[in-house]
Amino acid sequence: MLNTLTLKQALDKLEKKEITLGDLNSDVKSAIEKLNKDLNVYLTINEKKITQAEMSAPLAGLPIAVKDNYCTKDLKTTASSTVLDNFIPQYDSTVIAKLKKAGGHIVGKTNLDAWAHGSSTETSQYGRTLNPRNTDYLPGGSSGGSAAAVAADLCLASLGTETAGSIRQPSSWCGVVGLKPTYGRCSRYGVVAMASSTDSPGPIAKTVEDSAILLNYIAGHDKYDGTTSTQKVEDYTKYLDQNITGMKIGVLYTDIEGLEEIKEIFIDQVKVFEKLGATVEFIKAMDPHHAIGVYTIIQRGEVSSNLGRFDGIRYGNDRSFFGHEAKNRIMLGTYTLSKGYAHQYYNTAQKVRTLFIEDYKKLFKDYDVLVSPTSPGYAKKIGISESSAMFGELEDMLLEPSSIAGLPGISVPCYRDPKTNLYLGMNLVAPMFREDLVIKVGDAFEKNTKWNSWRNK
Amino acid sequence: MSKSTYNLVCGMEVHAELKTNSKMFCGCKNDPFNASEPNIYTCPVCLGMPGGIPVANKKAIEWTIKLGLALNCKINLFSKFDRKNYFYPDLPKAYQISQYDIPFCYEGVIETSFGPIRITRIHLEEDTGKLLHKRIKGEEVSLIDFNRSSVPLIEIVTEPDIKSPEQAKEYGKALRDIIRYLEIGDCDMEQGGMRLEANISIRKEGETELPSYKTEVKNINSFRFVEQAIKYEMERQEEILEAGDIPQQETRGWDAKKSVTFSQRTKEDAEDYRYFPDPDLPPIRFTTEQIEKIRAELPELPTALIKRWKDQYQVEERFSELLFSSPTEAKWLEDLFILVQKENIEANKIANALANKKISYQQTDKPIDVVNRYKSANATDDISDEEFISVIKEVIKNNTDAANRYKAGENQLINFFFGQSMRALGKKVDATHLRKLLQQELEK
Amino acid sequence: MSNKITTQQVQHIAQLANIPVDDSEAKKLATGFEETLDTIKDLRAVDTEGIEPTHQVTGMENVLREDIVDDSRTFTQAEALANAKETYQGFFVVPRIIKK
């Protein structure tokens, strides 16, 4: 089945004329018809035909899944909320325009936690998505649909967004690769805003190589987004197949309470780096528990402001359509920004954020890449998001520090439980604009272990 | 009759639209008043669509600094934009991008004939859309046009230094004149290009503490109304205070038809705008060099210019005031004054002629051409005294009755003789000289 | 500082946030509120003396645009109105706002 190819494999085979795009799309379509009803990965399928321009461009018209919080021109965009159940954007987000220009063809819009608020995809107002690795479990979130689309081969690669964990965590739960670029590496213009100061569009793919290919096309300065960097976009694929001898790797968070289930497995996997010639040291960083508070306050504050525009006047439905989780977050955000409280909450959070940034600067003086588990455990069972009003932020604790600091991070599969078929992920973090480092080390890990299900069929 | 004398304690907040080409945070055209249709100058940013992100207009920021410098303000070298969050249908993002604690300009002063008024701050923000109230199919609705959404808006706030309704009016006018002179805004009040608000309270003569309350009067769209509204408020508040009460802290509107202020919203429940720095807009940092460059490019302001022309060229203020309204026009005039001085013509005389439209001219004319025009208009033919007197004698001879009446005391008849002589001479005459000779002959 | 949130407080915040909330939902939100405040309270134990807040991680400044009309993103009137439920002669429509 051609839909099980990686992006790179498909590109190579197309070029060599070993396969046709038509056959590949036919296989993708069949897979969707077979699985989407149960998995609920796609909310909207793109009916538009592939154009000649797409086929002639670098990504050759290959099928890419797009998280439904990217505005796509003439294609319904809901952010998985019924507030936008009838919203058809009159414009493309910049990343989508870039994807289209590069020849990527949108298969459809994938499910997410409504408004990207969550880590399970259960808060979607269009039903939850199931984890293709084991459908009793959730795919994680908020980019659960995109991660599941990749895991189930319902596309060749996908786009997600991460505010704090939303690319890496579902990638970890679904056993795929999720790359969260540096804040400002990819444009946020046209992406439904969650926390403006940490939102990062990024690829979710089958291999590190595929994620590097996609990043090449979607990264870059955008004059319509004043927080994007003018730093040149290099060819990230040149960091694949590299020797990591002599690199210094710092391992974080292994003695945090709650990681007991996975600790030994993780430590075992980290030894791979030593075998490859890197030095590995277990080190202490600033307590990630503090990041929960920082992230919760900053994110919910910015969310409460960013969701103000949804009033049903110019588009969408009125505010009574907001789901419970969205209301939760808007309320808390409003509260922590309000008179009398802003000082103790919002301003304090921004100060602690500075401490995390300083902590990373200190660590990166001695280490090239910092590594930790992506998620405290395997994918969770259905219904988990209702266990706590703060489920999302607690679940993403290990990822929040790098998100609030704007650093690039990648999650690669680092273990598969043979009993459940569920995965664990390893999170690699580097200094700002050093995607090359996480790609290099992530690729080395992937190619020297057997956890990637496409490289180890 | 009130027993005490009350003094006005008043500050004003003025909003002025900047006439940039594009909007404050997006590239849409900035021309809401002349738009042929509603909602034709909008985009994902100024329409508050999902994923819309602002990018600041450099010129609008420079013009804000320009105004600040012209009003003697200090400039914050580091500044930022903040979100002011509130809900209203004309505010598409449900927040207005404005400035909270670090405005571009602060602590300035403007002179008025009643004394100086301190400028607390000047900051830059974006305008809202426009609401139109209508009845459609029996229902009361509001129609919204977002052409004006995100047009750059400058806000100037004064200390409560205004001591009279007249001073308030003068302040408004002076501010408008400066903004127009700097060519950064048209301040057309009818088009909403300038909006006035007054914060008004009164206190007993001799008291120096600020009163415990103030009313905010909004929707004043002319200078005449600001004067009237303040007068009305002073009387209204005095009545309340004399009765032993304190006027309520509230927002009031001005009803131009009835010439009264009316209550709109109490300020007890003051809005909580939940200000925070806008994460989409990196902060702004100037160097002192950049500020000094803007300062160096400031034109000489009218008040200073008019005074200098008086000192340097002896041109009276009443003429200067009428002759220019922009720096380009001022430069042209100054070139003219310098030129006429070289030609030994009094600058004040030519200024008079221009101001009273005795000579027509356009800014596109070369000053030398206008000088020549003036010269020929005022050239007098060479007429000998002999010719003068012979004509005068003839006129007197033909009007002996009038001549006798003149001698008898009706001196104003000289004008009649003047007119007759002029007609008889049929040439350009030096009027002063003619009058002198007429007088001389009539008294013989 | 007590973390007990009353439904009244919730209603007040709901008003500020322009979100319609009925009483049963207010109760549920109040509980969630308390739980959240509880989780984040340990933040105040962190010593932030002399620390500057980071509002922007990019460190960028002066990102400005030239004052040029760029209508490549400007909507036609039809596009601007395309997603609105109610329009009238080129305007968006809302029920009349009665000022309190």
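This is a predicted model: local features need pLDDT of at least 70, side-chain atom pairs count only at pLDDT 80 or more; totals for chains, interfaces and linings use all residues.
How many residue pairs are in polar contact between chain B and chain C? The count is 24, with both residues of each pair at pLDDT 80 or more.

The contact takes 56 residues from chain B and 36 residues from chain C. About 3,900 Å² is buried between these two chains, and carbon and sulfur atoms give 59% of that area. On the chain B side, B:Lys58, B:Phe87 and B:Pro282 supply 12% of the area chain B buries here, more than any other three residues.

There are also 3 salt bridges across this interface. B:Arg285 forms a salt bridge with C:Glu61, and their closest N and O atoms are 2.8 Å apart.

Which parts of chain B do the touching? The elements giving two or more residues are the strands β2, β9, β10, β15 and β17, together with the helix α1. Strand β10(B), residues 139-145, has the largest share, with 6 residues. Sorted by class, the chain B side has 32 nonpolar, 10 polar and 14 charged residues.

Now the other interface, chain A with chain C. Here 57 residues come from chain A and 47 residues from chain C. The buried area is about 4,700 Å², with 67% of it from carbon and sulfur atoms.

For chain A and chain C the count is 1 salt bridge. A:Lys327 pairs with C:Glu25 in a salt bridge, at 3.1 Å between the closest N and O atoms.

On chain A, the helices α9, α10 and α11 each supply at least two residues to the side that touches chain C. Helix α11(A), which runs over residues 343-366, gives the most, with 13 residues. By class, this side of chain A divides into 28 nonpolar, 22 polar and 7 charged residues.

Last, a detail inside chain B. Two packed helices are described by the angle between their axes and the distance between the axes. For helix α12 (residues 414-425) and helix α13 (residues 431-442) of chain B, the axes come within 10 Å and cross at roughly 115°. The crossing is right-handed. Among the residues making the contact are B:Phe417, B:Phe418 and B:Met422 of α12(B), and B:Leu434, B:Arg435 and B:Leu438 of α13(B). In that contact, 9 residues are nonpolar, 3 polar and 1 charged.

Terms used. Residues are numbered from 1 along each chain as its sequence is written. Chains are lettered from A and ligands numbered from 1 in the order in which they are written. Side-chain values use heavy atoms; hydrogens and water are left out. Axes are lines fitted to C-alpha atoms, for helices over the stretch in contact, and angles run from 0 to 180 degrees between N-to-C directions. Helices (H or I, at least four residues) and strands (E, at least two) are DSSP runs, numbered from the N terminus. A crossing is left-handed if the near helix is turned anticlockwise from the far one by less than a right angle, and right-handed if clockwise. Contact means heavy atoms within 4.5 Å. Ala, Val, Leu, Ile, Met, Phe, Trp, Tyr, Cys and Pro count as nonpolar, Asp, Glu, Lys and Arg as charged, and the others, Gly among them, as polar. Buried area is the accessible area (1.4 Å probe) that two parts lose on being put together, summed over both. A salt bridge is a side-chain nitrogen of Lys or Arg within 4 Å of a carboxyl oxygen of Asp or Glu. A polar contact is a pair of N or O atoms within 3.5 Å; within protein, one must be able to donate a hydrogen and the other to accept it, and residues adjacent in sequence count only if both atoms are side-chain atoms.
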